[in-house]
Amino acid sequence: MSMTIIIQHSLDENIAKKISSKFQVFNTHIRHKIVSANLDDLRQQYQIDFNYLPKLDLSSIQLFVSDMDSTLINIECIDEIADFANIKREVGVITELTMQGKLDFGSSLFKRVSLLKGLSVDVLDKVYTQRLSVSPGGRSLISFFKTKFIKTAIVSGGFTYFTNRLVKDLALDYACANVLSIENNQLTGVTEGLMINAQAKSDFVKALCDKQGWSYSQVIVVGDGVNDLDMMNIAGLSVAYHAKPSVIKHVDIIINFGGLDKIIDLFNQ
Ligand SMILES: [Mg+2]
């Protein structure tokens, strides 16, 4: 069976020459001639992204869902907040282990947020304006979905302070995240309301689809951590973006080298 492999890189002459000895090259994608080609080997060898063209009919997609921290944006917000309390290292280690699936998300969030108790809320604005950037290709990707009339959502185990600002800056359609409790302009060290863990992320996507009358197969989900796997599992297409090894092995599309705009390649075949 022949499948299409997408080379997610502008083909410079050197790469084209190397690859065309093995594959037929058509513009930026190639027709797979060798059934047993190992995409992991190709990725390692050329240090660019290779994926199979999805079998899913992408013209049916209605919703794009992105995780926030280390996916749509370049940072883990909680680690940067912690930096203003001089505990970035301590918090960062917990965040990393949690995203790898080595710590329970709920107790990890509880612990990390408790360490932020007493910090001024001004820190949140500093993190947003001084530390946070949209990941490479992220703005182009969101613009692309708008041209396709595909709705966009940010679903995060991080905080509404940041998702709300991103909704405004990027004109996203929907958001879901944890609420940081604030009193007297200081973080109280807890969150309010329903905790947004892996299950809650997935539930949010399901509820949105149910409300709008979309099937879950009409959703693309991109993320990088194990707490994205539940919502990835229900989606029509799951994309791992510079993700943890424990995430990569469960998804349809892997982006390890390029930006978020590599997702556009899947539509342009
Ligand atoms: Mg993340």
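Visitor: Is Asp67 buried or exposed?
Guide: Good place to start, and please keep in mind that the model is predicted. Asp67 has a relative accessibility of 5%, and the limit for the buried class is under 20%. The value for Asp67 falls below that limit, so Asp67 counts as buried.

Visitor: Where in the secondary structure is Asp67 found?
Guide: Strand S5 covers residues 63-66 and helix H3 covers 68-72. Asp67 sits in the loop between S5 and H3.

Visitor: Which side chain makes a polar contact with the side chain of Asp67, and at what distance?
Guide: Further along the sequence, Asp67 touches Leu72, Ile154, Val155, Lys201 and Asp224, among others. The polar contact asked about is with the side chain of Thr71, at 2.8 Å.

Visitor: Which residues does UniProt list for "active site", and what do they line?
Guide: The UniProt record is an unreviewed entry, and its "active site" residues are Asp67 and Asp69. Asp67 and Asp69 both belong to the lining of the largest cavity.

Visitor: Is Asp69 buried or exposed?
Guide: Asp69 has its place in helix H3, and its contacts beyond four places in sequence include Cys77, Gly158 and Asp224. Its relative accessibility is 8%, while the buried class takes in values under 20%. Asp69 therefore counts as buried.

Visitor: Which side chain joins that of Lys244 in a polar contact of 3.0 Å?
Guide: Lys244 is in the loop between S10 and helix H12 (245-248), and at 15% relative accessible area it is buried. Its contacts beyond four places in sequence are Glu96, Met99, Gln100, Asp224 and Gly225. The C-alpha atoms of Lys244 and Gln100 are separated by 6.0 Å, although the two residues are 144 residues apart along the chain. The side chain in the 3.0 Å polar contact with Lys244 is that of Glu96.

Visitor: Is Ser238 buried or exposed?
Guide: Ser238 is found in strand S10, residues 237-241. Beyond four places in sequence, its contacts include Val221, Met232 and His250. With a relative accessible area of 3%, Ser238 is buried.

Visitor: What is the arrangement of the rings of Phe145 and Phe267?
Guide: The structure holds six aromatic pairs. In this one the ring centres are 6.0 Å apart and the planes stand at 75 degrees. Plane angles over 60 degrees belong to one named class, so the pair of Phe145 and Phe267 is edge-to-face.

Visitor: How many residues apart are Phe145 and Phe267?
Guide: Phe145 is in helix H8 (residues 138-147), and Phe267 is in the segment after helix H13 (262-265). Phe145 is buried at 0% relative accessibility, and Phe267 is buried at 16%. The pair links distant parts of the chain, and the separation in residues is 122.

Visitor: Which residues form a cluster through ring pairs?
Guide: Phe145 and Phe267, the edge-to-face pair, both take part. The ring pairs link a cluster of Phe64, Phe144, Phe145 and Phe267.

Visitor: What phi does Asn86 have?
Guide: Most residues other than glycine have a negative phi. Asn86 lies in the loop between helix H4 (77-83) and helix H5 (88-99), and at 71% relative accessibility it counts as exposed. Asn86 is not a glycine, yet its phi is positive, at about 60 degrees.

Visitor: And what phi does His242 have?
Guide: His242 is in the loop between S10 and H12, and it is partly exposed at 36% relative accessible area. Although His242 is not a glycine, its phi is positive, at about 40 degrees.

Key: Residues are numbered from 1 along each chain as its sequence is written. This is a predicted model: local features need pLDDT of at least 70, side-chain atom pairs count only at pLDDT 80 or more; totals for chains, interfaces and linings use all residues. Side-chain values use heavy atoms; hydrogens and water are left out. UniProt positions are given in the numbering used here, feature names are shortened, and annotations may be inferred rather than shown by experiment. On a 1 Å grid over the protein atoms alone, a cavity is a set of points where a 1.4 Å probe fits but cannot get out, and a pocket is an open set with protein on both sides within 12 Å along at least five of seven lines; lining residues have an atom within 4 Å of a point. Helices (H or I, at least four residues) and strands (E, at least two) are DSSP runs, numbered from the N terminus. Buried means under 20% relative accessible area, exposed over 50%, partly exposed in between (1.4 Å probe, protein chains only). Contact means heavy atoms within 4.5 Å. A polar contact is a pair of N or O atoms within 3.5 Å; within protein, one must be able to donate a hydrogen and the other to accept it, and residues adjacent in sequence count only if both atoms are side-chain atoms. Rings of Phe, Tyr and Trp (its six-membered ring) pair if their centres lie within 6.5 Å; planes under 30 degrees apart count as stacked, over 60 as edge-to-face and the rest as tilted.
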